[in-house]
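Hi,

Here is the structure I promised to send over. Have a look first, and then read on for my notes on its aromatic rings.

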Amino acid sequence: MHFRWMPFSIAFVGAGPTTIYTLCALLDGMVLPDVITIFEEQPRAGLGTPYRPGWNDPAMLSNIASIEIPHIDETLIAWLGRQPRARLVRLGIDPDHIDEHAFYPRLALGEYFLDQFTALIAHAQRRGVTVEIATRCRVTDIVAEPDGLRLDVSPIRGAAYRRTFDRVVLATGHQWPEEPEVRPGYFLSPWPATALQRVPAAQIGIRGSSLTAIDAAVAVAVAHGSFIETEQSMIDYRIHPGAEALHLTMISRKGLLPEADFFHPVPYEPLAICTPAAIERLIGQACDTLLEQSYALFKQELQNADPDYSQRVGLADLVLEDFADRYFAERMAADPFVWAEANLAEARANYDAQRTVPWRYAILRMHEVLALIAPHLEAEALDRFNRFLKPVFVDEYATVPHVSIERLLALHRADCLSVIALGENCRIDTHGAEAGATLIRDGKRHHFPTFIEATGQRPLGIESFPFQTLLDQGVVLDASEGDPRGPKGVAVDALFHPASDNPAASRLFCLSIPYILGRHPFIQGITSSYEMGQIVGKDMIIAIEAARARPDQEAC
């Protein structure tokens with residue numbers, strides 16, 4: 001029996017942070033593929049949609065502090081430290097105030113990722129890997145064949161072609177329309193931000209109140225005025241002459257603003273009770289009370305971390321369905337801008353003192369642990385998880401940069417911003433004859449000539465999956481399994497292979513966020529890209545090692 005060096009090829013569909021972190025994990029291995037091909041529809045690979053120029057306004061900030069961004073070839077702080085001052089100024093960064101707890105502009109992160117991507121490609125090439133980067137290319141279909149997965153590729157210029165690969169990673173990221181104004185005055189998303197620059201100064205509705213909604217508000221605001229930021233005083237907003245009609249209204253279910261980023265140790269300190277091991281044991285029991293037992297661990301951990309808070313909210317008596325209401329109760333009883341100002345002052349004081357609020361930190365850490373149960377919950381239990389626990393976790397991990405809160409307060413002081421709670425007796429009509437949308441509240445109608453959807457990425461159903469042949473061949477299956485109450489998207493296993501009996505499923509990884517979000521509700525952002533990349537990179541190393549050890553059947 002003879003053994004030979006078996007060529008091994010990998011294709012990445014998409015070239016954003018998820019692909020970058022997967023490449024990083026792959027290149028940590030002792031064995032490497034022979035060929036890596038990266039397909040990207042955009043003119044440049046290595047940026048990712050959330051960090052692309054033109055797609056984002058320079059005023060838009062990232063939603064993660066620099067200390068929390070997993071390093072690639074180097075950390076973000078190290079990269080910033082070696083940049084020319086002129087480049088930092090161009091990116092909106094004060095060269096004299098680089099800090100690992102700071103939130104930097106999305107465009108700055110885009111350039112960081114682009115530089116890291118370039119370094120990874122050079123590293124792979126030095127180690128003998130052939131790397132092909134195919135930009136302005138769209139993968140139109142994927143077909144399972146006996147010897148691999150065939151990609152049908154359509155370049156913007158040139159003839160369509162087909163290539164077969166041993167492994168394929170789908171990392172297409174967030175999905176938004178290139179033209180967000182899908183009908184007059186109605187924007188399906190705030191991206192690309194350049195589209196918001198044409199929005200007239202008038203009554204503008206924004207659905208959402210997270211950083212996505214803040215991004216939308218800030219992008220419109222800087223098109224019609226200026227934020228005056230100094231070290232000595234609070235931020236002010238000054239509207240341009242002729243734009244006095246501008247008024248932004250953020251509309252969300254609860255009518256709350258996000259809280260300011262709070263100080264906490266990074267990396268996370270271990271939990272004492274609601275640990276990954278404890279949750280995995282519950283999952284292994286395959287019981288129908290998984291959600292309830294996990295919530296019991298959640299309560300025990302919170303009680304252990306902060307007895308005073310637990311007593312104040314009456315934690316011992318709070319069933320799953322009541323916890324979120326009690327968690328948000330004090331904020332809902334206050335004016336959102338008064339609360340935001342007080343919360344910002346508290347967060348700043350805690351940063352200065354390097355003081356951590358125990359209950360906040362406990363909930364923040366537990367969101368990743370409780371997320372482990374989501375793929376194992378029945379449809380009804382998953383719905384309860386999403387309704388009664390997910391909002392609390394999102395509130396803690398989606399805190400926003402302090403300057404974002406300052407900008408909202410400045411807009412409010414300038415009488416250019418208000419917040420409305422949608423509640424249960426309101427609805428928004430986005431299909432009327434008029435441009436924009438109409439808020440219908442207690443029988444009264446309020447029309448917004450411009451309306452922007454800014455609630456972030458939502459799960460996409462299997463009917464939107466772009467590679468039809470994989471569905472026809474049974475390589476990719478519907479996560480809902482035909483249950484209309486079930487989660488939308490693609491069913492994947494723990495290694496992000498499609499959860500299918502088709503042998504070709506082991507060759508494919510689905511890391512496309514909209515299609516796995518239904519069963520993995522917190523799998524957004526840079527840290528998720530890193531975690532998925534680690535799992536997939538290691539699995540591909542195992543596959544390469546197995547291929548290299550495969551005997552040459554013809555010589556046997």
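Tyr 186 counts as buried, because its relative accessibility is 9% and the cut-off for buried is under 20%. Please keep in mind that this is a predicted model.

So where does that ring go? The count comes to 23 aromatic pairs. Phe 39 is buried at 2% relative accessibility, and Phe 165 is buried at 1%.

Back to Tyr 186: its ring is stacked with that of Phe 451, at 6.4 Å centre to centre and with 15° between the planes. Here too the pair links distant parts of the chain, with Tyr 186 in strand β9 (residues 186-187) and Phe 451 in strand β18 (residues 450-453), 265 residues apart. Phe 451 is buried as well, with a relative accessible area of 0%.

There is also a group of rings for you to look up. Tyr 295, Phe 298, Tyr 309, Phe 323, Tyr 327, Phe 328, Trp 359, Phe 385, Phe 393, Tyr 397 and Phe 522 form one aromatic cluster.

Which residue lies over the face of Phe 328? That is Lys 254, at 4.9 Å from the ring centre.

Best wishes

How values were computed. Residues numbered from 1 in each chain as written. Predicted model: local features only at pLDDT ≥ 70, side-chain atom pairs only at ≥ 80, totals over all residues. Heavy atoms only, no water. Phe/Tyr/Trp six-rings, centres within 6.5 Å; stacked < 30°, edge-to-face > 60°. Buried < 20%, exposed > 50% of the residue type's maximum accessible area, 1.4 Å probe, protein only. Helix = DSSP H or I, 4+ residues; strand = E, 2+ residues; numbered from the N terminus. Lys NZ or Arg CZ within 6 Å of the ring centre and 35° of its normal.
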